Amino acid sequence: MKKILFIPTIKKNNGTGHLKRTIKWAKSTLYESFIYLPLIPPYFPDLKEVEKSIVFDLSGKYDIAVFDMKKSNPLLIKNLEKTAEILVSVDEGGKERENFDYLIDTLPNTVSKTAPANIFSTDLLGYQDKRNIEGKSLSTKKINNILISFGGEDSKDITRKLLEKGQKDNLFKDPLQNVTVVIGPLFKDKEYIKNNFGFFNIVESPPSLLNLIEEADIVFTSFGLTAYEVLYAGKELVLINPSKYHRKLTRLAGFCEAGIINPDIKKIKKIINNPALCRLIAPTQAKAEQLSKIDELFLKIAETEKIPLKGECPVCKGDGKIYKRYLYKNYLKCKKCSIVYLQNIGKEEKVYNKSYFFEEYKKQYGKTYIEDFHHISIASQKRGDIINKFVKKGKVLDIGCAYGPFLYVMKDKYNCYGIDISEDAVEYVNKELGIKAITGDFSCALLRHPCHGAGRDIHVAVLDFSEGASQSEGASQSEDATQDEKEDCSKFDIITMWYVIEHFKNGGEIIEKVGKLLNKSGMFAFSTPNLSGISGIHNKNKFLESSPSDHYTLWNILSAKHILSKFGFKVVKVRCTGHHPERFPLILQKIFGFKILSLISRFFKLGDTFEIYAMRKN
């Protein structure tokens with residue numbers, strides 16, 4: 001069972017809503033949950049229900065830690081990085097947003113435009129939506145039942161101010177009106193309100209407001225969770241806020257406000273006489289893909305793919321920071337090599353079997369891989385022609401060879417070998433094309449193998465292409481190797497990956513292995529999607545959001561050149577492919593036309609894919 005730690009704020013002037021909802025989450029039976037409280041607030045009877053879940057220090061280990069604070073403490077975040085695998089923040093309003101693995105906004109946020117969350121959805125508040133389709137209030141009758149509730153603290157004494165001004169200006173003189181006033185556990189003016197406004201229905205520290213909201217026609221409160229409880233209950237809502245900051249949030253949410261600290265009684269009178277004046281004018285928001293329960297989201301986040309070392313670039317081991325966030329994935333960008341790499345949220349492994357090359361391939365391209373074999377072979381021939389200019393003969397290894405179209409066009413001039421994770425594809429290459437291929441994951445291959453020479457063991461890179469061997473079996477042969485097996489220890493002159501390198505989670509190790517398998521002055525060539533192509537430039541968000549969940553690294557030509565150089569390769573040829581003039585902005589299409597834009601795309605290497613050819617440095 002997953003272990004989840006909740007960290008609510010209990011600081012003065014931050015209200016009690018943060019603690020209330022972490023208690024609600026902790027009561028869920030979906031996971032083993034804990035609440036971190038260095039000090040227990042004496043005023044919170046709700047804690048009795050979860051007292052066994054309270055922890056007073058950070059000595060334990062957790063799958064995820066969920067912060068529910070207005071602005072999280074950076075020191076606390078650093079401490080939790082040692083304790084929890086994944087850090088999550090709900091409604092984070094501070095500068096620390098970028099330091100969380102996952103961001104959830106259930107409420108509008110003033111910093112969300114500069115640092116968007118993985119998801120923004122008020123549905124995750126978990127309230128039953130009793131509004132009609134148009135989002136208007138269901139209440140059409142005259143306002144008789146008034147509820148006043150300004151949280152558990154009300155640090156600006158808005159409750160007292162509203163009651164005093166309302167009394168003075170005859171706001172509540174209608175004999176048919178029923179006024180209920182909620183006073184929270186941290187109110188400074190409890191006794192004053194009881195003594196001077198006892199003729200109203202005074203309710204002290206109720207365990208829940210939902211029943212009171214159900215009975216009300218209109219509710220006066222500040223921006224926060226109570227406002228959304230009222231909204232989803234379909235009641236009229238008027239906010240009187242404690243600060244300009246809360247006014248900004250109110251406007252983002254589209255709620256009606258009647259003053260900051262000091263209530264605007266004239267406006268309130270007009271609203272009571274005409275409730276339509278306070279109806280919601282909120283912007284629409286995207287639904288969370290049938291994800292309506294926040295505890296379900298916590299569980300999915302707990303299954304997040306762990307980057308080998310947190311924030312470490314899988315190519316150059318440099319520091320990476322969150323670059324873009326989406327519902328079920330993050331992209332990080334390396335400060336050192338500029339590579340963009342993927343972190344999937346949730347556990348989802350892609351299986352490269354026959355279905356991948358047939359059903360899935362057909363969905364994307366309109367035909368199966370075998371049906372598209374001839375077209376792929378034509379593209380492969382162009383690649384082979386480029387390679388032949390630099391390496392005239394020798395051994396070729398195609399990593400991720402699939403059903404072998406590239407090997408098929410190369411076999412007349414070179415000794416060809418392939419490796420692929422799909423057993424069906426490897427069988428096809430061996431039997432139908434007559435080319436040696438093995439089944440296996442190149443990223444897991446053990447490439448150092450003992451071969452005998454000069455009376456001692458010499459360790460070299462090797463893949464075993466003897467019949468019936470898998471790549472891992474080939475890495476552990478006995479010392480009594482046959483002569484044929486010794487020949488398999490020789491290296492390759494050309495190693496290729498066509499739209500494969502992005503599928504590896506450990507790109508740096510892959511390039512290092514390639515270097516070990518290449519002869520001196522050997523060639524490494526690969527193709528991959530181009531993050532700096534026209535699609536990535538024109539709409540980077542769309543490009544990243546639609547990028548497959550098994551593309552773990554996203555490259556551009558500059559980053560590829562830089563990285564290859566660091567691993568001992570010299571780039572000798574770059575070929576930009578996948579040109580789409582129709583993806584240029586419409587204004588440029590009208591000015592230049594497709595023909596000119598196609599030339600521009602080629603000249604500036606703006607294709608959506610590219611091929612890169614590099615020679616191993618002596």
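**Close-up views of a predicted model**

**Figure 1. G568 and the end of helix α19.** Directly after α19, G568 adopts a positive phi of about 90°. The structure shown here and in the following views is a predicted model.

Figure 2. Helix α19 spans residues 557–566, and its buried residues are I557, S559, A560, I563 and L564. These residues lie on the same side of α19, because they cover an arc of only 160° around the axis. Their packing partners are α16 (507–517), β23 (518–529), β25 (569–577) and β26 (609–616). The exposed residues L558 and K566 are carried on the face of α19 turned away from the buried side.

**Figure 3. S53 in the loop between β2 and β3.** S53 is located in the loop that runs between β2 (32–36) and β3 (54–55). With a relative accessible area of 15%, S53 is buried, because the limit for a buried residue is under 20%. Leaving aside residues up to four places away in sequence, S53 touches S33, F34 and I35. The side chain of S53 also reaches the backbone oxygen of S33, at 3.4 Å.

Figure 4. Side chains of opposite charge can pair when their charged atoms come close. K194 forms a salt bridge with E191, in which the closest N and O atoms are 3.7 Å apart. Both residues belong to helix α4 (residues 190–196), and because they are 3 residues apart there, about one helical turn separates them. The side chain of K194 also meets that of E204 in a salt bridge, at 2.8 Å from N to O. E204 lies in strand β10 (residues 201–204) and K194 in helix α4, so this pair ties together parts that are 10 residues apart in sequence. The relative accessible area of E191 is 47%, which makes E191 partly exposed. K194, at 29% relative accessibility, is partly exposed, and E204 is partly exposed at 37%.

**Figure 5. The salt bridge between R247 and E257.** The closest N and O atoms of R247 and E257 are 2.7 Å apart in this salt bridge. The pair links distant parts of the chain, with R247 in helix α7 (residues 244–253) and E257 in strand β13 (residues 257–260), 10 residues apart. R247 counts as partly exposed at 26% relative accessibility, whereas E257 counts as buried at 10%.

**Figure 6. A network of salt bridges.** D157, R160, E164 and D189 are joined in a salt-bridge network. The structure as a whole holds 21 salt bridges.

Note on methods:
Residues are numbered from 1 along each chain as its sequence is written. This is a predicted model: local features need pLDDT of at least 70, side-chain atom pairs count only at pLDDT 80 or more; totals for chains, interfaces and linings use all residues. Side-chain values use heavy atoms; hydrogens and water are left out. Helices (H or I, at least four residues) and strands (E, at least two) are DSSP runs, numbered from the N terminus. Buried means under 20% relative accessible area, exposed over 50%, partly exposed in between (1.4 Å probe, protein chains only). A polar contact is a pair of N or O atoms within 3.5 Å; within protein, one must be able to donate a hydrogen and the other to accept it, and residues adjacent in sequence count only if both atoms are side-chain atoms. Contact means heavy atoms within 4.5 Å. The arc is that of the directions from the helix axis to the C-beta atoms. A salt bridge is a side-chain nitrogen of Lys or Arg within 4 Å of a carboxyl oxygen of Asp or Glu.
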